[in-house]
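Reader: I would like to go through this model with you, one question at a time. Keep the answers brisk, please.

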Amino acid sequence: MIKFTHNGRPFDASRFAADIEAKAIALGMQALEEKARGAAASIVDPETGHHADVFVDRLSGNRVAIRTTGSPAFARLLEKRLGVDPGKVQVMNAADGAPHPKVYLAHASEDKDRVRPVAEYLMANGVDVWFDEWEIEPGDSLRQKMEEGLGAMTHFVVVLTETSIAKPWVAKEIDVGLVQQVGGKSRFVPLVVDLDPAKLSPFLQAMLFLKIDPASEADLKGLADRLHGVSRKPALGAAPRYVQTAPSGLEGWSPAAVAVGKHVVETSAHALAVDPVVTLEDLTAALDIAADDLRIALLDLKDGGYLRELNVSGHYAPQPALFVDFDEAFMPFSPSEDARTLANRMVTGEERAADTKRLAEALGWEPRRMNSAICYLERVGAIKSRHALASAPWRAVQLVRTDETLRFARNHG
């Protein structure tokens, strides 16, 4: 009698099919991760001139989240390379180093002497202005240069005067500016200078326009503030002391999720795959947080790719992303800085594959710190790790230097 086995167990058709499906999904997810990192590797951030870090994290439901430390412009380029919708690549710390507004300044040539001080003031106050006499050189294609300026703008600003409203060319520029606003590509900002608003077209009269005097610094400051998105609301005061705020880098998480993440990284002995395993009961006993808030926090962290639920229902273990982000906020070391140090050490060493324990000893790091740095490098795809069943307390027994390691070290050197 012939007996068939699969993975050392008696053959079961349904289990066999489930295993095949799981392996196919795993291969598909791996291919998606490699595609995202491969696409990102070929893009230089237009705002910094460097390659940006890209994190690809597996989520529940066979999904991935793609996050980058690059600029919004880098994120949009990566989305185009991947063929995904705008906004699918999340920009980390997007509020830091926000790009300057880019303004196309439309006007009549007869008004140039009145418009030039506006352009100069905006440039001096962090607004990048496309002003024709600064952009167009003899021999340049007027149409091509104007299209370049119109394509790069975040704001279309038109100076409306007695002269400009009668110019067919200015009217054509206004048409382009309105189309760009309707398409969500830029904002349309009409400036009225020494002109009775009743003389505007009904369409422009219906828009919110600014009446300015180019010689008034107060008026020009109001324009610059509007282009920078400065609110006219009063300044926001400090939150009451009893309100919990997320540490830098963890914005967007609920206070309960931050508390759970902090608890996990602070109780982890070595930052390993099941170190620690937490349950709702454990967290309820350790944290002064309502059980329902903890349930939602666990769900948020799981859906974000920071925790994974084990086969035993209600038991959660940390994902590498948790150690990367929450260690940065709560541990006495920085995974991002340590990752740069570790990558530099590897690319300057003679061996392509380095023993993890020896590397840690050379750097003077305990396993907990070393493993956090490994999590960072693995998460950005800048290293290959060799694992073994008896590798504890290390996440990997060996670290393998790759071309991605070299690029990471050079970009962050």
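Reader: Which residues in H3 meet which residues in H8?

Author: This is a predicted model. H3 covers residues 112-124 and H8 covers residues 217-227. On the H8 side the contact has Glu217, Leu220, Lys221, Leu223, Ala224 and Leu227. On the H3 side the residues are Pro117, Val118, Tyr121 and Leu122.

Reader: Is H3 roughly perpendicular or oblique to H8?

Author: Two packed helices are described by the angle between their axes and the distance between the axes. Here the axes lie 10 Å apart, and the angle is about 55 degrees. Roughly perpendicular needs 65 to 115 degrees, and roughly parallel needs an angle under 35. That makes H3, relative to H8, oblique.

Reader: Is the crossing of H3 and H8 left-handed or right-handed?

Author: The pair packs at about 55 degrees. The crossing of H3 and H8 is right-handed.

Reader: What is the angle between H13 and H14, and how are they oriented?

Author: H13 spans residues 335-348 and H14 spans residues 356-363. Their axes are 12 Å apart, at an angle of about 110 degrees. The range for roughly perpendicular is 65 to 115 degrees. That makes H13, relative to H14, roughly perpendicular.

Reader: Which residues in H14 are met by H13?

Author: H13 passes H14 in a right-handed crossing. H13 brings Thr341, Leu342, Arg345 and Met346. By class, the contact has five nonpolar, one polar and one charged residues. The H14 residues are Leu359, Ala362 and Leu363.

Reader: H12 and H15 pack too; is their crossing left-handed or right-handed?

Author: H12 (residues 320-330) and H15 (residues 367-379) have axes 9 Å apart. Their angle is about 110 degrees, and they are therefore roughly perpendicular to each other. H12 passes H15 in a crossing that is left-handed.

Reader: How many charged residues are in the contact of H12 with H15?

Author: H12 contributes Pro320, Ala321, Phe323, Val324, Asp325 and Asp327. H15 contributes Arg368, Ser372, Cys375, Tyr376 and Arg379. Asp and Arg count as charged. Beside six nonpolar residues and one polar residue, the number of charged residues is four.

Reader: Is valine 157 buried or exposed?

Author: Valine 157 lies in strand E8, residues 155-160. Beyond its neighbours within four places in sequence, valine 157 is in contact with Val103, Tyr104, Leu105, Ala106, Val189, Leu191 and Leu227. Buried means under 20% relative accessible area. Valine 157 has 0% relative accessibility, so it counts as buried.

Reader: How many Å apart in space are valine 157 and leucine 191?

Author: In sequence they are 34 residues apart. Leu191 is among the contacts of valine 157. C-alpha to C-alpha, the separation is 7.0 Å.

Reader: What separates the C-alpha atoms of valine 91 and isoleucine 66?

Author: Valine 91 is in strand E5, residues 89-91. Setting aside neighbours within four places in sequence, valine 91 is in contact with Thr68, Gly70, Ser71, Pro72 and Ala75. Isoleucine 66 is 25 residues away along the chain, and its C-alpha separation from that of valine 91 is 8.9 Å.

Reader: Where is proline 276, which is joined to aspartate 275 by a cis peptide bond?

Author: Most residues other than glycine have a negative phi, and most peptide bonds are trans. Omega between aspartate 275 and proline 276 is about 0 degrees. Proline 276 sits in the loop between helix H9 (255-267) and strand E11 (278-279).

Reader: What is the phi of alanine 271?

Author: Alanine 271 is also placed in the loop between H9 and E11. Its relative accessible area is 0%, so alanine 271 is buried. Alanine 271 is not a glycine, yet its phi is positive, at about 60 degrees.

Reader: Is aspartate 194 buried or exposed?

Author: Aspartate 194 lies in the loop between strand E9 (187-192) and helix H7 (202-205). Its phi is positive, near 50 degrees. Exposed means over 50% relative accessible area. With 63% relative accessibility, aspartate 194 therefore counts as exposed.

Methods:
Residues numbered from 1 in each chain as written. Predicted model: local features only at pLDDT ≥ 70, side-chain atom pairs only at ≥ 80, totals over all residues. Heavy atoms only, no water. Axes fitted to C-alpha atoms, helices over the stretch in contact; angles between N-to-C directions. Helix = DSSP H or I, 4+ residues; strand = E, 2+ residues; numbered from the N terminus. Parallel < 35°, antiparallel > 145°, perpendicular 65-115°, else oblique. Left-handed = near helix turned anticlockwise from the far one by under 90°. Contact = heavy atoms within 4.5 Å. Buried < 20%, exposed > 50% of the residue type's maximum accessible area, 1.4 Å probe, protein only.
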